Amino acid sequence: FVLVLKMKGAEKNAPAKVKQVKKSKPSKAESAGAPAGSNAKPTKDAASVKDGAKKQRRRKREGKGKAKAGAQPGNPTGGKKNKTAKDPSELFLDNPMRAPIIQRATSHFEKRKLAFKVSCGPKEGYRTHGKLAVRVNPKHKLAPPVFGMFVPGSHAIVDALESKAHHPAVKNALEGVRRACRKSNVRGWDDEEGKGELRHVGFTVHRKTGKVSVTLVYDAKSRSENPDLYNQLVSCIRTRQPKGGLHSLWGHFHTGDKHNNAIVDIHGEWKHEFGVTWMREVLFPEQEEGAPRIQLYFPPRVFRQANLDSFRNIVLALRRWIPATNDGKLPRCLELYGGVGTLGLHVIDLVASLTSSDENPHNVECFKKSLRSIDSVEERSRAKYIGLAAKDMVEQGHLADAEIVIVDPPRKGLE
């Protein structure tokens, strides 16, 4: 999301309004068998229709009871497979334009008469960064844990190792982790009993080598009570790496509770077990469209965009939107929710100064390392990083010095 101080020409490019016609419900006469639009009386008397409705409601209640009793992971209804039980990213794989978030965004901009273009990239193999929940197997708690996602609106987990959205390297890496769990007797988390060892597993694919960095989100209390079990799991993963090896393995020790469902804690304990410390990515190795060649640093304790290939297009669009000031000079830029500086650093050649900010304390070192990859000493001198939340930056008056503000907020939105 980019906050532009003045927008011109939006009305000229506004799309035509789309009028949706809501299908009307059939009349009582039509429901009872009368032709549509006719004034014929129902073929059944009122008593029989009422009795039939009661039977239908009773069968529906009985069916719900059977569904709950026979629910299985991946098929929570116990009978006919529920479409919502799949990996959420696959629900609209055939037609991504039907995804609710796309529908809401399109409607939002249409109401404001603003153009909204949707670009669709590859439908499979695009997920190079993400997290999967690790839970006890609902069929048998002694079986290997389930690595998956929750059915929307529920606590039912669906195995997602076979997801079409994953980069091909993800399945091999995480399958090795699951085998290591079975070998070392490490359990997934049990939400009902409130205990277990492995809560989540994070993964990031290095785009150049295809190697995967894995993060074990391990229950802190369980590790303190039995550190040998965690060490055994790490040892098993080390010996069961996929062909070519993992990029790296990290441990994150976090104890959530019913009042805190955050997957990770940026202030919690992190441990680098083996492999490469930093995952380095370059968005524009050939300096496409004049974009600077900057080396970005992404350890697992900082935010990284889930699809860097598509994010390149956002960076290029942002560069086209950076205007000069009225006197022709380069503008002063403030970046809120800056992360490691993925957006801000890629416009460093277009601004007089860049102040990037974020509350995650681990971002500062990544930003400084990326800054040193810029060839121009003069451009490097334009940038600085402030480790504060967006709200604190605004309250301290940093907006007053900015002529351009870049805002890339989390999913929960602006503070």
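Does Asn 185 count as buried or exposed, and what is its relative accessibility? Asn 185 counts as exposed, because its relative accessibility is 63%, and over 50% is the cut-off for that class. This value, like the others here, is computed from a predicted model.

Start with the whole protein. The protein has 10 helices and 14 strands. Of its 415 residues, 39% count as buried. Take the contacts in the protein with a separation of 6 or more: residues 24 or more positions apart account for 63% of them.

Now return to Asn 185. Asn 185 sits in the loop between helix 4 and strand 5 (198-205). The phi of Asn 185 is positive, about 60°, although Asn 185 is not a glycine. Most residues other than glycine have a negative phi. Gln 287 also has a positive phi, of about 55°, and is not a glycine either. Look for Gln 287 in the loop between strand 9 (280-282) and strand 10.

Next, go to Ser 184. Ser 184 lies in helix 4. Its relative accessibility is 2%, so Ser 184 counts as buried. The cut-off for buried is under 20%. What does Ser 184 touch, not counting residues up to four places away in sequence? The answer is Leu 229, Gln 232, Leu 233 and Cys 236.

On the helix 4 side of the meeting are Val 177, Ala 180, Cys 181, Lys 183 and Ser 184. On the helix 6 side are Leu 229, Gln 232, Leu 233, Cys 236 and Ile 237. The residues of this contact divide into 7 nonpolar, 2 polar and 1 charged. Helix 4 spans residues 168-184 and helix 6 spans residues 227-239. The two helices pack at an angle of about 135°, with their axes 9 Å apart.

Val 212 brings in strand 6. Val 212 belongs to strand 6 (residues 212-218). Val 212 is buried, because its relative accessible area is 4%. Leaving out residues up to four places away in sequence, Val 212 touches Ala 169, Val 170 and Ala 173, among others. Its contacts also include Phe 203, Thr 204 and Val 205, as well as Leu 246, His 247 and Ser 248. Val 212 and His 129 are 83 residues apart along the chain, yet their C-alpha atoms are separated by 9.3 Å.

Finish at helix 8. Helix 8 runs over residues 363-371, and its buried residues are Asn 363, Cys 366, Phe 367, Ser 370 and Leu 371. Seen down the axis of helix 8, these buried residues fall within an arc of 135°, so they line one face of the helix. An α-helix has 3.6 residues a turn, so residues three or four places apart point the same way. What do the buried residues of helix 8 pack against? Their partners are strand 10 (295-297), strand 12 (353-357), helix 9 (377-380) and strand 13 (383-386).

Notes:
Residues are numbered from 1 along each chain as its sequence is written. This is a predicted model: local features need pLDDT of at least 70, side-chain atom pairs count only at pLDDT 80 or more; totals for chains, interfaces and linings use all residues. Side-chain values use heavy atoms; hydrogens and water are left out. Axes are lines fitted to C-alpha atoms, for helices over the stretch in contact, and angles run from 0 to 180 degrees between N-to-C directions. Helices (H or I, at least four residues) and strands (E, at least two) are DSSP runs, numbered from the N terminus. Contact means heavy atoms within 4.5 Å. Ala, Val, Leu, Ile, Met, Phe, Trp, Tyr, Cys and Pro count as nonpolar, Asp, Glu, Lys and Arg as charged, and the others, Gly among them, as polar. Buried means under 20% relative accessible area, exposed over 50%, partly exposed in between (1.4 Å probe, protein chains only). The arc is that of the directions from the helix axis to the C-beta atoms.
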